[in-house]
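Me: I am new to reading protein models. Please take me through this one, step by step.

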Amino acid sequence: MTPESALREYVEQYLPEDDVHLEARARGEQLGCVPIGAGGGAALRFLATALQAKAVVEIGTGAGTSGLYLLSGMPKSGVLTSIDVAPEHQRAAREAYAAAGISPSRTRLIMGKALEVLPRLTDAAYDLVFVDAYKPEYPQYLEHGVRMLRPGGVIAFDNVLWHGKVVDPKVKDESTQAMREIARSCRDDPRLVPVILPLGDGLLVAARRP
Ligand SMILES: C[S@@+](CC[C@H](N)C(=O)[O-])C[C@H]1O[C@@H](n2cnc3c(N)ncnc32)[C@H](O)[C@@H]1O
């Protein structure tokens, strides 16, 4: 193990996951919907707690790993709205939430393509938006996300380092280009205050200026 990978492991394992998280993670891997890492998940829980986020949107439910982190940071009255195109992923997520003892009234799972569902969600109504679905669509999720955030709210994008490809100029595929574009757009948007957290595959978080 290199010193760099040992440090990464130290960061990712700082907050060990309980059995419910481990089960959801294993199910996500089985279903091919890669769950957020433990470091990124802890950052989501931190944000939900710091913002006292009562209304959260997640784009890309997967098998529920990121949702478990978000819900555990939100107040008990908080509701997670989560969008995914795959019914079997949302079924697994529902099971994970139940295993964690989360009341079904705290989750609103919407099945559908994100770009068809997002226009129906209310402007300036959400404290936190988490993006983890189809990578080439990230730039469009940004536009919807900023519209939906209340002033002072935060948008977070997973996978912005895209397995290191963002810094290799030879790589020009659609997903890599979208990750570069999202980083640039958040930096250049006067409405946002962004930072890239190098946790897992990279979590870009940006606060909407009040
Ligand atoms: C990386 S996984 C999400 C993992 C989840 N956030 C977690 O940490 O457990 C991406 C998810 O996005 C969903 N997805 C892909 N394209 C989508 C789209 N256009 N609209 C909505 N969901 C989509 C997939 O079905 C998959 O469940």
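Reply: We go from overall build to one helix, then to the ligand. The model is predicted: local features need pLDDT of at least 70, side-chain atom pairs count only at pLDDT 80 or more, and totals for chains, interfaces and linings use all residues. Residues are numbered from 1 along each chain as its sequence is written.

Me: How many helices and strands does the protein chain have?

Reply: Helices (H or I, at least four residues) and strands (E, at least two) are DSSP runs, numbered from the N terminus. The protein chain has eight helices and seven strands.

Me: What share of the residues is buried?

Reply: A residue is buried if 20 or more other C-beta atoms, placed from the backbone, lie within 10 Å of its own. Here that holds for 44% of the 210 residues in the protein chain.

Me: Which residues of helix 7 are buried?

Reply: An α-helix has 3.6 residues a turn, so residues three or four places apart point the same way. In helix 7 (residues 138-148), the buried ones include Tyr-138, Tyr-141, Leu-142 and Gly-145. Contact means C-beta atoms, placed from the backbone, within 7 Å. The buried residues of helix 7 pack against several elements, among them strand 1 (55-59) and helix 8 (174-188).

Me: Which residues come nearest to the ligand?

Reply: A residue is near a molecule if its C-beta atom, placed from the backbone, lies within 6 Å of it. Of the 22 residues around the ligand, Gly-60, Gly-62, Thr-65, Ser-66 and Tyr-134 come nearest. Helix 4 (65-73) and strand 2 (79-84) each supply at least two residues of this shell.

How values were computed:
A residue is buried if 20 or more other C-beta atoms lie within 10 Å of its own, exposed if 12 or fewer, and partly exposed in between; C-beta atoms are placed from the backbone. Two residues are in contact if their C-beta atoms, placed from the backbone, lie within 7 Å.
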